[in-house]
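User: Hey, can you walk me through this one? I'm new to reading structures.
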Amino acid sequence: MKIISSIEELRDQLSGQLRTAFVPTMGNLHEGHLSLMRLARKHGDPVVASIFVNRLQFGPNEDFDKYPRTFQADVEKLEKEGVYVLFAPTEKDLYPEPQEYRVQPPDGLGNILEGEFRPGFFNGVCTVVTKLFSCVQPKVAVFGKKDYQQLMIVRNMARQFALPTQIIGAETFRADDGLALSSRNMYLSAAERAEAPALYNALNVVANEVRSGHLDVFQLEHKAMDDLAARGWKPDYISIRKRIDLQPPNAGDLAQGEPLVVLAAAKLGTTRLIDNLEI
């Protein structure tokens, strides 16, 4: 595996490759990330991964400085997966001058749910993804469904800009007890880790209620949040939305069986976890 930090060197290395499959990451890789590499290989060749902790998507009070960085361990995992190139730029490589041009998603999608609680987050995501796509020029790129809203935003962005990159969504990789794998799980204490699957359980309760014909969305959402809060969580949202645009469903949508997804974000101790479940 070649480890490259320079954009120019990366372009030279990938020159002439027409089927590159790309998996962007922020490092601290776990089995969920590695499953994305395997899916990428099914859709293209060679497989290129990136590791870059993107300052633009962190708010002023978020965990940019303490975000876990495990580069050597990440390299070993990617080598075992047969990744061809690891693009690992420094901030100076990717942002040699202040990144004054930004890519901003529409307010109706970028400022709801995660965007409401993390202002500017998707602006940072869209900007860095656009720049990484420009560097790698992949035929396909793989993103995990755990970040459901992010996947939708990136997919819509690629379509509206006519980017020559197909966006592939990978199913959420879970531990045996249902917890979605996340780099931030390492912040959890042993007791918090034992409690953490309650978030996925809450999503299942909501989904099962909807499937059984309980269509009072407001009541379901608030009961789920109250139940989590009673267990010591601090929920930001548990929200039932339409899969097509992440807007709240109306009575007609519910009556006609509109495909739905329930999304959640909540703090357990000091660790903020997100998850979702399609209904």
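Predicted model: local features only at pLDDT ≥ 70, side-chain atom pairs only at ≥ 80, totals over all residues.

User: How many residues does helix H2 have?
Analyst: H2 has 13 residues, 31-43. From first C-alpha to last, H2 reaches 19 Å, close to the 18 Å expected at 1.5 Å a residue. The expected span is 1.5 Å times one less than the number of residues. Helices (H or I, at least four residues) and strands (E, at least two) are DSSP runs, numbered from the N terminus.

User: Which residues of H2 are buried?
Analyst: Gly 32, His 33, Leu 34, Ser 35, Leu 36, Met 37 and Ala 40. Buried means under 20% relative accessible area, exposed over 50%, partly exposed in between (1.4 Å probe, protein chains only).

User: And what covers them?
Analyst: The cover includes strands S2 (21-25), S3 (47-51), S5 (140-144) and S6 (166-170), plus helix H3 (71-80).

User: New topic. What order do the strands of the open sheet take?
Analyst: The order is S7-S8-S9, with antiparallel pairing. S7 and S9 (271-278) are the edge strands, each pairing on one side only. Two strands pair if DSSP finds at least two bridges between them.

User: How many bridges join S8 and S9?
Analyst: S8 (260-268) and S9 pair over 8 bridges. Leu 263 stands opposite Asn 276 in S9.

User: Which helix packs on the sheet?
Analyst: Helix H10 (198-211), which touches S7, S8 and S9. Contact means heavy atoms within 4.5 Å.

User: Where is Lys 242, and is it buried or exposed?
Analyst: Lys 242 is in strand S7 (234-242). Lys 242 counts as buried because its relative accessibility is 14%. Among the residues Lys 242 touches are Asp 253 and Glu 258.

User: Last one. Where is Gln 57?
Analyst: Gln 57 is in the loop between S3 and H3. UniProt places a "binding site" at Gln 57, in an unreviewed entry. UniProt positions use the numbering here, feature names are shortened, and annotations may be inferred rather than shown by experiment.

User: What does Gln 57 contact?
Analyst: Its contacts include Met 26, Arg 118 and Phe 121. Gln 57 is buried, with a relative accessible area of 9%.

Technical notes
Residues numbered from 1 in each chain as written. Heavy atoms only, no water. Axes fitted to C-alpha atoms, helices over the stretch in contact; angles between N-to-C directions. Lists of a residue's contacts leave out its neighbours within four places in sequence.
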